[in-house]
Amino acid sequence: MESYGSAEYCATLSHLGVPVSFDRAGGAMLSRTIDSSCLTDLTGPYPWAGFSDWSSVGAELDAITGPVTATVVVAPTSDVDDDVLVEQFPDHLVDFKLHFLVDLTADHATSRSATHRRKVRRSRPELSVSALEPTPVIADRWVELYHHLGERHAITGGAAFSDDGLRAQLVHPDCRCFGAFVGDELVGMVSFMTSGAVAAYHLGAYAQSGYALEAAYAIFPVAFDVLAAEGVELVNLGGGAGLSVEEGDGLARFKRGWSTHTGVARVAGRILDPEAFDRLSSSSETTFWPPYRAGRSR
């Protein structure tokens with residue numbers, strides 16, 4: 001099972017909905033209410049869905065009573081053929097955003113942007129970087145750092161994890177964490193979720209001193225080397241901060257600078273209750289899916 005489809009991971013997403021397990025498909029989605037109505041729909045976990053058998057998803061969806069639609073983000077690293085994806089989600093399939101990928105079996109260091117190579121070479125003797133074990137002290141500091149990130153970027157939606165969710169993710173068996181220290185102070189930390197030979201960059205947060213010291217440029221090369229030594233061949237860094245296929249934002253530039261190549265994530269949807277879907281969407285003129293959620297957080 002992919003990390004993002006595991007019951008343990010989906011249980012950390014209480015801010016998005018109630019987990020619904022897909023036993024045959026080997027994954028999970030989240031049930032959420034539609035506005036103040038008694039209706040619900042299903043959404044995939046943040047940041048993208050993870051099923052071990054995508055060909056079974058549609059049959060399991062059709063066996064569920066109640067939801068109006070089911071929507072998932074499909075990463076370019078997901079193990080699903082296009083014909084299977086179209087069969088399981090026949091009502092909506094569009095490009096979502098560009099994902100930046102790092103092939104750890106290649107000479108990925110030389111593929112970095114000139115800016116990234118320069119910043120990696122620039123020694124910061126006060127910084128030390130290491131893999132982290134999720135001790136209570138590390139978890140407490142991680143929550144503090146993530147609060148700082150949330151305030152800095154006004155995080156809402158899927159990435160607005162609860163403190164309990166952040167702590168639980170650290171002890172997920174597929175989570176790998178790396179941190180930058182100044183002395184004994186953790187000033188930056190990133191986490192990856194691993195699924196066999198593929199890893200996903202999950203979250204990163206820094207103290208103000210971590211930003212000033214550009215700690216990310218010290219952490220990521222170490223993380224890539226450790227993951228490669230553990231058998232990871234491909235890292236999906238995800239996309240930019242916006243909702244379009246490619247955003248020219250700082251996060252996208254940062255991820256592009258590490259990448260060896262790119263792939264496109266997609267949004268896939270299936271209508272489960274056509275009558276309710278038509279009723280809810282009758283006044284919607286939008287390309288957003290599902291249309292009745294246009295203008296709201298996915």
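**Notebook: a walk through a predicted model**

I began with a polar contact of 2.7 Å, which joins the side chains of S56 and D53.

**Entry: S56**

I looked up where S56 sits. S56 is in the loop between β3 (40–43) and α2 (57–62). Is S56 buried or exposed? Its relative accessibility is 15%, so S56 counts as buried. The cut-off for buried is under 20%. I then checked which residues S56 touches, leaving out those up to four places away in sequence. They are R24, A25 and Q88.

The loop between β3 and α2 also holds P47. Y46 and P47 are joined by a cis peptide bond, with omega about 0 degrees.

**Entry: helix α6**

I went on to α6, residues 163–170. Which residues of α6 are buried? I found G165, L166, Q169 and L170. They cover an arc of only 140 degrees around the axis, so they lie on the same side of α6. An α-helix has 3.6 residues a turn, so residues three or four places apart point the same way.

What do the buried residues of α6 pack against? I listed α1 (7–10), α5 (136–153), β7 (175–182), β8 and β9.

I picked out Q169, which is in α6. Its relative accessible area is 4%, so Q169 is buried. Setting aside neighbours within four places in sequence, I found Q169 in contact with Y9, T12, L13, F161, C175, H202 and L203.

**Entry: helix α9**

Next I took α9, residues 250–258. Here the buried residues are A252, F254, K255, G257 and W258. The buried residues of α9 pack against β5 (92–103), α4 (114–121), β9 and α8 (216–229). I also checked the start of α9. There, a side-chain oxygen of D249 comes to within 2.9 Å of the backbone nitrogen of L251.

Is K255 buried or exposed? K255 is buried, because its relative accessible area is 8% and the cut-off is under 20%. Which backbone oxygen lies 2.8 Å from a polar atom of the K255 side chain? I found that of G239. Leaving out neighbours within four places in sequence, K255 is in contact with F100, Y201, L237, G238 and G239. I looked at Y201 again. K255 and Y201 are 54 residues apart in sequence, yet 9.9 Å apart in space, C-alpha to C-alpha.

**Entry: the second largest pocket**

I turned to the second largest pocket. Its volume is about 220 Å³. I counted 14 lining residues, and the closest to the centre are E2, T77, S78, S195 and V198. Which strands each supply at least two residues of the lining? They are β8 (185–195) and β9 (198–206). The largest share, three residues, comes from β9. I sorted the lining by type: seven nonpolar, five polar and two charged.

I ended with the backbone. The peptide bond from W289 to P290 is cis, with omega near -10 degrees. P290 is in the segment after α10 (274–281).

I then looked up positive phi values outside glycine. A154 has a phi of about 50 degrees. A154 is in the loop between α5 and α6. Its relative accessibility is 57%, so A154 counts as exposed. E214 has a positive phi too, near 50 degrees. E214 is in the loop between α7 (208–212) and α8.

Definitions and conventions
Residues numbered from 1 in each chain as written. Predicted model: local features only at pLDDT ≥ 70, side-chain atom pairs only at ≥ 80, totals over all residues. Heavy atoms only, no water. 1 Å grid on protein atoms, 1.4 Å probe; cavity = no way out; pocket = protein on both sides within 12 Å on 5 of 7 lines; lining within 4 Å. Points joined across faces, edges and corners; volume = space filled by probe spheres on them. Helix = DSSP H or I, 4+ residues; strand = E, 2+ residues; numbered from the N terminus. Nonpolar A, V, L, I, M, F, W, Y, C, P; charged D, E, K, R; others polar. Buried < 20%, exposed > 50% of the residue type's maximum accessible area, 1.4 Å probe, protein only. Polar contact = N/O pair within 3.5 Å; in protein donor to acceptor, adjacent residues only side chain to side chain. Contact = heavy atoms within 4.5 Å. Arc of directions from axis to C-beta.
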